[in-house]
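Subject: Structure handover

Hello,

Here is the structure I promised.

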Amino acid sequence: MKTLRNCLALVALLAGVGSCQLEPTLYNSLDATTYPSNDQEFQTVIGNAYRGLILYYDREIYLPLNASTDEFTAPTRSGGAWFDNGRWQYFANHSWNSTAADLNETWDWLYSGIATCNNTLAILKASTAQVTGKESALAELRGLRAFFYFLLCDNFGNVPLKTEDSPTGNIQQSSRTEVFNFIEAELKAIVPQLKPTAHPQTYSKFTKEVAQTLLAKLYLNAQVYTGTARWQDCIAQCDAVIASNKYRLNASYFASFAFNNRSNGSFVENIFVIPYDKADYRLDAATGMAPNLFTMHPGLRDKYGLSSTPWNGFCAIADFYNSFDNADARKQGWIAGPQFDAAGNPIRFRNQPLVINADFTSITQATDNDGARMVKFSMQPGNTFQLQDNHFPIFRFADVLMMKGEAAFRLGDVGTALTELNKVRARSGTPNFTPATLTLDALLAERGHEFYFENWRRNDLIRFDRFGNGVWRFKLTRDKKRDLYPIPDRQLSINPYLKQNPGY
Amino acid sequence: MHKITQNQRQLYDCLFRIMKGSLLQLVLAICFTSVTVAFPQDNQALLTRRVTLRVEAQPLQTVLAQLGRQADVRFSYNARSIAVQSPVSLSAQDEPLGRVLSRLLAPLGVDFSAYSKQIVLKPRRTGVGVLPETPEPDAGVASARAEAPAVFTVSGTISAEGGEVLAGASVVLKGTQTGTTTGADGGYRLALPDGSGTLVVSYVGYVTREVAVNNQAVVNVVLTATNESLSEVVVVGYGTQRKADVTGATSTVTSKDFNVGVINNPLQAVQGRVAGLNITAPNSDPTNNRPIIRLRGIGSLSANAEPLIVIDGVLGAPLNAVAPEDIEKVDVLKDASAAAIYGARGANGVIIITTKRGKAGRTAVDYNAYVGFDSPQRLPRVLSPDAYFQKYNELNPSAPSSSTVRTDWFREITRTAVSMNHNVGISGGSEQFNYRGSVAYLTQPGIALNSGQDRINARLNLGQKAINNRLEIQVNLSANLYNKKFVDYGAFNRAALYSPLEPVYNPDGTFNAPNIAFNYQNPVAMLRQITNQGREKQLLGNVKVSFELVKGLTAGVNTSYSLFNGTYGYFQPKAYFNKNGQTNTSVSQGRRNTSEVTDRLVEYTLAYAKTSGRHHFGAVLGYTYQYLSDEYFGLTARDFPDNFSFNNLGAADQLLTKNDIYSGKSESKLDGLLARVNYAYHEKYLLTANFRRDGSSRFGANNRYGYFPSVSAGWRISGEEFLRNSAVVSELKLRVGYGVTGNQNGIGDYASRLLFGPSGNYASPTATANNPIQYKTAYFFSQNANPDLKWETSAMTNVGVDFGLFNNRLSGSLELYDKNTRNLLFTYSVTPGDKYGDNLTYITNSFLANIGTMNNRGVELTLDYVAVNATDFQWRTALNLAHNRNRVVRLSGEGLTFPTEGVRFGVIYGGTNGYGPYGVLKEGLPVGTFWMPKEVGLNDQGQPLYEVLDANGTALTPTNDPGRATRQNVGNPQPKLTVGWSNSLTYKNFDLTIFLRGAFGQKVFNASNLVYDNPTTFRAGDPNALNVYRTAFEGSNAALRQTGAVSSRYVENGSFVRLDNLNLGYTLPLKTPWLRSLRAYVAGQNLLLITPYRGLDPEVRSGNTTNTYGGVSNVGDNLAFGLDDFNFYPRARTVSVGLTAGF
């Protein structure tokens, strides 16, 4: 027994020796307790907050919610391509319900962006490290957060307001008006703290003028959001941006969307851009700026020198495409009809000449050639990546002018409206608006022609009451409740405070 | 032979240094002099009993009797073939019986072998001292140890069932030393004191019978073969137990029952052989050889719901470290009471692989070679080229095709693949030293062009005993090399769809590539143009030392080092993107990446065993420490000449962006304390208790250590008086066990920690107007912290009955189990920004947590029956049946809510975005339940109509919009019953094994039909109309005018019976001194599939698999059950011809 005891002691000893550190060494990530600790590291963290914008133009996340208009859709093509379990069809014909995965993905995306801002704010506030321009950095983060709340307000309306100071647990739902008020208050508070735009040092950053443009956009839609119009406030913010003298229209409409728009000087018009990078790592090959993939026709791959075969997806709804005046330069942002290569020879596809058929009639049984394709965001030739480099302009100076024009028009100031609207319209080569031709319908159409594929169509249609209450090809029913998206079921099950939007 | 000798020598140098002893000469002497004694390994214990005897010129018979008394063994021999009266001399001082017998018998040309309580002596074929084997006219008479005066003589014949006489059977008067053995004709004659006794008749491999003499002069006895299962030794983890003493639920498959043919991975050899163990090879791609392994249902929602693999005591050893041919047996620990000794890794059961070792006795050389022929068992039945042509012209009467091309695309991309295998094993040894070295080489091309694998497995197992056998050292080394050629399974999908009127090649010799939709690629070009290769190396070294400190108390150390290294290369030429008549603006791309996994293990154990009277007591105490690390590196470069490869990435014209380069490393540590106590009283009442405490670096800081206890008890009812003499029941044991085990596989190395990582690029202003920004790497939190993260906990109750009836002619076991898995790991969606736990904030939207509960309960029945046992014909049949019911009980809790409507998952890739999801994870339903609209018919536009139910389940007007239809349970992909049925027949020198395997009651989602079985896929007016199934225009499909959508239309009964293995062999009746045996065989695998399923094969993957053994797959894919995807690699039918020879 003595031996046994000795042996037990030995095992206990070995166990004691072996019960060594179970703490693993971290090899391929940073220790969250020690990072960030200096100014340079903080810049990487603040830079990260801007990444939340990337999904603004993503085929999988936010584009589906914008494919519910009279502008574009993704019809189901041969072999069931783009059927995607009915996803594009229910957005196109306004039959979505609160279980639609895209709604929840958008919700998650926006709150994720907000959480990143909140967390970064918390880190920055708590840090004793010396951070260059800490006050304006904090303001930038609040501005970004306000933009995400603006999108929540626009799409879902009644949402919880979470900040870096929110308590543990579920957060009460705020009404759309309360959300509006929060955004307004935040933006007003940060305008004095934000850096004013300086070209090019503030490129892609949330500057004072970005905040003012966002305020203008908020006021423009105030009647939709709160029931109370704020046209004059909208004009005041537009005027502030105009008065900053930092912006003017580019000579060419297409300069703002070119694959080289970071370096072609278009920042004089593009107030706030998402700086997409074709080589951005960590994104899978098709998340980001990819009009070459999601709209382009495979038969045109070589014409545009694309290295990846396009996916043949989004295209214009025929009536929208046909609504362009042929003289309108902006119509060149679409391609339709017989296609020719650089040498003028017809392009052949499936052993036949390729003819893009703009006037298609079915979203359930479309052919591969159906629908005009968007080339406004120019195709990047000789690009060996799947993604492109076009920076996406969320706010353009053209929008500031048109917002001012619209607000003035709604206030009955037709003179100012014509002045501002025609500044933009002049560039397209179409005749100026006159007091006779300028109507709300014409203004809505003009906004469609100026801002197609810039994620404003739904917002505009709602403001003109032509969304839920509108009718167009593929959308034959009127249903005003659809001006708001439903709160995703998933969120209702997580947060018992949430009440579904009316009608859903 | 010479090479092996070199190896031995090197190894011995090594051992020598370790032991600092002078064993070398002794061992080499034994090894080289080819001692011709054969020790059946399982009975070595008998031969280690120590004897002391000194005799001069005594008859052998007498010497044997003395040795027998000392060692408490009985000797059986035929006095007519062994000269038992020959005088022998012997001097032995406390030596093992085996060694003494070798010395005593070898000169006489007598071999001996030990069985349970007797040692059988047999003459060698030639040699001195052996009597001629000519049968004598009358029954042989041998009075071995007649101790009492004989007044009654009994005689008779001992035969096996079916009439085969048993020569050398032992006949003993019960309770005495009086006995004899039968002659060559099975006859015996024995002189007894009177006619009232009882004869005990025994023969190796047969059930011992007791027959009362009852004053009869002739007593003929028929013996029944046993299946020996109860005397088998079962490896139970940190030790072994006799099957009879085991109280947990275990199964053993020995190599003689392995599946035969082209065996690509070790577990394929036992596929279907163990009730409750489901092994599913995803397809017949030789590179994708990691089967899905599930024991007793699905015990986890994470990808690694697989049993723990233990090879020769190395926990978590990679399966590719062993060749199927080197496996001696596979033990499966099914229930928690057996697996609890493996603690946090035992929850999904344990598969213990024991490799072959050398046996004391003559040097044996085993050679096995085969050639196998693989061909696709089934291919999609699309329109034949002529039928396509006809259909095309029927649908396009105005512009008929005049193409004269007829391409059978499946024929173009498949081939009859000829595999070849050579396997040589050399083994031998003495009582102190044993060795076995082997090399296996298999080259296995795939049935798809340009795919395949070859492998070399080399293994050397050495064993040495020293210091009066108190020190035992085992060294196991294996080196394995795998060369793989991967292919894109999309090629089979394209082959189905591609127009058969298109040629493979253009007239200029380039691949024909019509310029159409992006997913329309020439399948031959897909397979031919891409180079995608891997070379994987697996080394495993394992040293085990045990030392008997005092009698019964043994200390052991087990160490191992495993190194996996994979190097992969990929090259995609620019020509891959060629389109007929178009300029190709793409560039070629080359990639190289490597992966290295190391695993180090050290274990200290202390084992104690003591038998005192009827009490048997055993205990094991141990400590284990394991360290794993995983490193990888890779980079991609673009734009090379097309005939280049991935071997000089620096030559590229486009080098390296952040996208193109990556590397990483992670590690984990495990720390375990284990204990086992077992107690048996009178071999009737059995009790086992296990305990383990496991710590893991993967667990959260609040839960570093888990405790895993188990207890089980057994009652051998057949040992009780009232059953001892039963004619029906020969063995009956009741077992009850309960235990708690864990599963930590679903936790990644740093999964519990708050991580800060690169999050992509951010734009940093540059103040340069023509390039206003530069991209820099942004950093942010990349993972939510979960300091509570821990193992999944399974509590399993198991009740089992082992039985043997009719002298064990029918044996088997019945198991009932109920397994509740708590703390299920699942990645929950959380809302970033919300606070949780101890003032933590969700930063990302996913959170790995232990919340849910899942239940598996089932029944398993195993039967083994010797149906016929005649002289020339034997038939043994074994059947195993298993039923398991899986149910997700609960998924919400602790502040995390799982939607009550469930979460749908599973994407069928195709089109642009895929067709999914098709499954659901929902409380109350089995994992993987198909959840989709239910089709109720077609409307007059040919659109499917789907059921719409209101909240009460009342059917409303059906809809043609799958988005509005009510998603509902349309079937369970998990089988209700799985069956394995094997039949082994021998007729004279022929042997035949027929093995059938089946599964019943499961549903399969036929994704191929979704695309190919729809007439709209074949589009009129399209010169490259996609091909479809022959049935697309028939029956209920004919009216279809809508593209396929996920619905019950494609859910089919997946029940099947497969003729999995058929093996016909002929053993040559050879008698040469140098050739022990020679057998030729023909084996067939997957010869016949009987199923109502309309797709290719209903046996589809359940859960994800990866190309490499070491790979880890993601959680979501694990829930993707029952999908027959349309990107596939067909299953092969294999016929092989082989030869095994023993020298």
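A salt bridge here is a side-chain nitrogen of Lys or Arg within 4 Å of a carboxyl oxygen of Asp or Glu. A:E23 and B:R753 form one, with their closest N and O atoms 2.6 Å apart. Note that this is a predicted model.

**Interface of chains A and B**

The rule finds three salt bridges across the interface of chain B and chain A. The size of an interface is often given as the accessible area lost when the parts come together. For chain B and chain A, about 9000 Å² is buried between them. Carbon and sulfur atoms carry 54% of that area. Chain A puts 103 residues into the contact, and chain B puts in 105 residues.

Which strands make up the open sheet with the order β1(A)-β36(B)-β37(B)? There are three, one from chain A and two from chain B, and the pairing is antiparallel. β1 (30–31) of chain A and β37 (773–783) of chain B are the edge strands. Each has a single partner strand, so one side of each lacks a neighbour in the sheet. β36 of chain B spans residues 755–765 and pairs with β37(B) over 10 bridges. One residue pair to look at is B:S764, whose bridge partner in β37(B) is B:Q774. Helix α2 of chain A (residues 39–50) packs on this sheet.

**A sheet within chain B**

Four strands of chain B form an open antiparallel sheet in the order β44-β45-β46-β50. The edges are β44 (903–905) and β50 (967–971). Each of these has a single partner strand, so one side of each has no neighbour in the sheet. From one strand to the next, the twist averages 50°. β44(B) and β45 (residues 919–921) of chain B run antiparallel and are joined by three bridges. B:F905 has B:G919 of β45(B) as its bridge partner.

**Helix packing in chain A**

Two packed helices are described by the angle between their axes and the distance between the axes. Helix α8 (residues 208–220) and helix α13 (residues 397–410) of chain A pack at about 35°, with axes 10 Å apart. The crossing of α8(A) and α13(A) is left-handed. From α8(A), the contact uses A:T213, A:A216, A:K217 and A:L220. From α13(A), the contact uses A:D399, A:V400, A:M403 and A:E406. By class, the contact residues of α8(A) with α13(A) are four nonpolar, three charged and one polar.

**Salt bridges overall**

Over all chains, the count comes to 73 salt bridges. One of them joins A:E450 and A:R427, at 3.2 Å from N to O. A:E450 sits in helix α15 (residues 440–451) of chain A and A:R427 in helix α14 (residues 414–428) of chain A, so the pair ties together parts 23 residues apart in sequence.

**Backbone points to check**

Most residues other than glycine have a negative phi, and most peptide bonds are trans. A:Y35 and A:P36 are joined by a cis peptide bond, with omega about -5°. A:P36 is in the loop between β1 and α2 of chain A. The bond from A:H199 to A:P200 is also cis, and its omega is near -10°. A:P200 lies in the loop between α7 (176–190) and α8 of chain A. A:D465 has a positive phi, near 55°. A:D465 lies in the loop between α16 (457–463) and α17 (489–494) of chain A.

Best wishes

Definitions and conventions. Residues are numbered from 1 along each chain as its sequence is written. Chains are lettered from A and ligands numbered from 1 in the order in which they are written. This is a predicted model: local features need pLDDT of at least 70, side-chain atom pairs count only at pLDDT 80 or more; totals for chains, interfaces and linings use all residues. Side-chain values use heavy atoms; hydrogens and water are left out. Two strands pair if DSSP finds at least two bridges between them. Axes are lines fitted to C-alpha atoms, for helices over the stretch in contact, and angles run from 0 to 180 degrees between N-to-C directions. A crossing is left-handed if the near helix is turned anticlockwise from the far one by less than a right angle, and right-handed if clockwise. Contact means heavy atoms within 4.5 Å. Ala, Val, Leu, Ile, Met, Phe, Trp, Tyr, Cys and Pro count as nonpolar, Asp, Glu, Lys and Arg as charged, and the others, Gly among them, as polar. Buried area is the accessible area (1.4 Å probe) that two parts lose on being put together, summed over both.
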